Amino acid sequence: MPARLAIIIPVYGEAANVAPLVARLDSALAGLAWEAVFVDDDSPDGTAAAARAIAATDPRIRCIRRIGRRGLASACIEGFLSISAPFVAVMDGDLQHDETILPAMLAAVEAGADIAIGSRHVAGGAAQGGFSAARGALSEGGAALARLLLPVKVADPMSGFFLLRRDLVEEVAPRLAARGFKILLDILLSARRRLVVAELPYSFRSRQAGESKLDATVLLEFGALLLDKATRGAVPLRFVAFAAVGAIGLLVHMVALALLVGPLGFGPAQWAATFVAMTANFVLNNRITYRDARLRGGALWRGLALFYLVCGIGAAANVGIAGLLVRDGLLAWGAAGAAGALITVVWNYAVSSTLVWRAR
Ligand code: GDD
Ligand code: MN
């Protein structure tokens, strides 16, 4: 019988957990046509061999062994695209997720939900025991950040345990970032409509064998994913370059201000520093940030003139604001100058992308 539910199980270094997991699925999903796909990234502990040993006698079990690639999210995507069952779930291969709620998750999606999430945060669920205090706090902070971005209410957007229809996965697959750990969050953010989410509580178990692969790089990738989605697909590299150029511009501004505030006084020094920083930003952005739309020759001078003109309007306001802050004794010249320069950076960003370089 063709499978109705396919369970994608990303695994790295889970050799000892494969057989116990299959046994648990077997009893939890009795009466259902299911299959499980272990997606292994060539773990040195023989995880793939453990899965293949079971697959040799159990046609419900399959194994994808990937070589030269690592990553939880991309492993899940690879698994998604290898199945034909109408429903698909993702579940960790370390026995931390509670397989007994899979039938209820399937029922929720069959009843009309777009996605069912095994949640550690809704009433009745528990994260205790499964995480150290520090990991718990990190997970909580990330979840709070993610909730701000999501158009739908999700208590546990960081869950690695969820079930959805295969056609929804196929629809969003081309837009998935395929980086890092947060495949569920990526799916939720990549859907073109508001998804109906059903959350089912479960207790996150402690790990028995093997160890967690979540580390600092994973957190960095999580940050990049949020940034990418928050800027609605604006090339993240361009954004990063802009931020870096902005930081250099701020530095240039402060050095110029420090040199000139003595001889000129704050008002004129802030003007001069703004001008110097503006020029530096223009040159750096033209070379780095907008390398693909780089202005040369006559266009370069026209661009610079336009940059000065539009930014000058904003700079006038900024110098005014900084001057007021200093005059009223609200901020010292350093802080006031930095505040003014920061506003200029944001202004420059908007102007650069739309008017000066017309980048996409
Ligand atoms: N193929 C593959 N490649 N599998 C991987 C990789 C990889 O690079 N990294 C991790 N896995 C597998 C693990 O073997 C495990 O089956 C599952 O993905 C989850 O990895 P863990 O390392 O056990 O993650 P965790 O327990 O710390 O994190 C869990 O909780 C997070 C909540 O903060 C997971 O459920 C995450 O998905 C979840 O976001
Ligand atoms: Mn785990």
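A residue counts as buried when its relative accessible area is under 20%, as exposed when over 50%, and as partly exposed in between. With that in hand, A339 at 28% relative accessibility falls in the middle class, so it is partly exposed. Keep in mind throughout that this is a predicted model.

## The overall picture

Let's start with the whole chain. Its secondary structure comes to twelve helices and seven strands. Of the 360 residues, 44% count as buried. If you take the contacts with a separation of 6 or more, 79% of them come from residues 24 or more positions apart.

## The sheet

The seven strands make an open sheet with mixed pairing, in the order β3-β2-β1-β4-β6-β5-β7. At the edges sit β3 (61-65) and β7 (197-201), each of which pairs on one side only. From one strand to the next, the twist averages 20 degrees.

Helix α1 (residues 15-28) packs on this sheet, where it touches β1 (5-11), β2 (34-40) and β3, and its direction makes about 160 degrees with that of β2. Helix α2 (residues 47-55) also packs on the sheet and touches β1, β2 and β3, but here the angle quoted is with β3, at about 150 degrees.

Now for the pairing, strand by strand. Strands of a sheet pair through backbone hydrogen bonds, either parallel or antiparallel. Both kinds turn up around β4. On one side, β1 and β4 are parallel, with four bridges, and I7 stands opposite A89 in β4. On the other, β4 pairs with β6 (residues 162-165) in the antiparallel sense, again over four bridges; F87 has R165 in β6 as its bridge partner. Further along, β5 (residues 115-119) runs parallel to β7 and is joined to β7 by five bridges, with I115 partnered by V197.

Strand β4 (residues 87-90) is covered on both faces. F87 and A89 point to one side, V88 and V90 to the other, and all four are buried.

Which residues have the most contacts inside the largest nonpolar core? They are I8, F80, F162, L164, I183 and I187, in a core of 35 residues. L164 is a handy one to click on: leaving out residues up to four places away in sequence, L164 touches P86, F87, V88, V109, D114, I115, V169 and I187. There is also a second, separate core of 33 residues, which includes A48, L95, L106 and V109.

The manganese ion (ligand 2) is coordinated by D94 (OD) and Q96 (OE1), at 2.0 Å. Are these two residues buried or exposed? Both D94 and Q96 are buried.

L95 has a positive phi of about 70 degrees, although it is not a glycine. Its place is in the loop between β4 and α4 (102-110). D42 also has a positive phi without being a glycine, near 55 degrees, and is found in the loop between β2 and α2.

How do the accessibilities of the residues picked out here line up? The table puts them together.

| Residue | Relative accessible area | Class |
|---|---|---|
| D42 | 31% | partly exposed |
| L95 | 7% | buried |
| N285 | 0% | buried |
| A339 | 28% | partly exposed |

L95 counts as buried because its 7% relative accessibility is under the 20% cut-off. D42, at 31%, lies between 20% and 50%, so it is partly exposed.

UniProt, in an unreviewed entry, places the feature "transmembrane region" at residues 239-262, 268-284, 305-325 and 331-351. What does the model show over residues 268-284? The chain there is 100% helix and 0% strand, and the end C-alpha atoms are 24 Å apart.

N285 lies in helix α10 (residues 266-289). With a relative accessible area of 0%, N285 is buried. Not counting residues up to four places away in sequence, N285 touches F242, V245, Y290, R291 and W357.

A339, the residue from the opening, lies in helix α12 (residues 333-356). The C-alpha atoms of A339 and I321 are separated by 8.8 Å, and these two residues are 18 apart along the chain.

Note on methods
Residues are numbered from 1 along each chain as its sequence is written. Chains are lettered from A and ligands numbered from 1 in the order in which they are written. This is a predicted model: local features need pLDDT of at least 70, side-chain atom pairs count only at pLDDT 80 or more; totals for chains, interfaces and linings use all residues. Side-chain values use heavy atoms; hydrogens and water are left out. Two strands pair if DSSP finds at least two bridges between them. Helices (H or I, at least four residues) and strands (E, at least two) are DSSP runs, numbered from the N terminus. Axes are lines fitted to C-alpha atoms, for helices over the stretch in contact, and angles run from 0 to 180 degrees between N-to-C directions. Contact means heavy atoms within 4.5 Å. UniProt positions are given in the numbering used here, feature names are shortened, and annotations may be inferred rather than shown by experiment. Donors are N, O and S atoms within 2.8 Å of the metal (3.2 Å for Na, K and Ca); water is not among the atoms, so sites may look incomplete. Buried means under 20% relative accessible area, exposed over 50%, partly exposed in between (1.4 Å probe, protein chains only). A nonpolar core is a set of buried Ala, Val, Leu, Ile, Met, Phe, Trp, Tyr and Cys residues joined through side-chain atoms within 4.5 Å.
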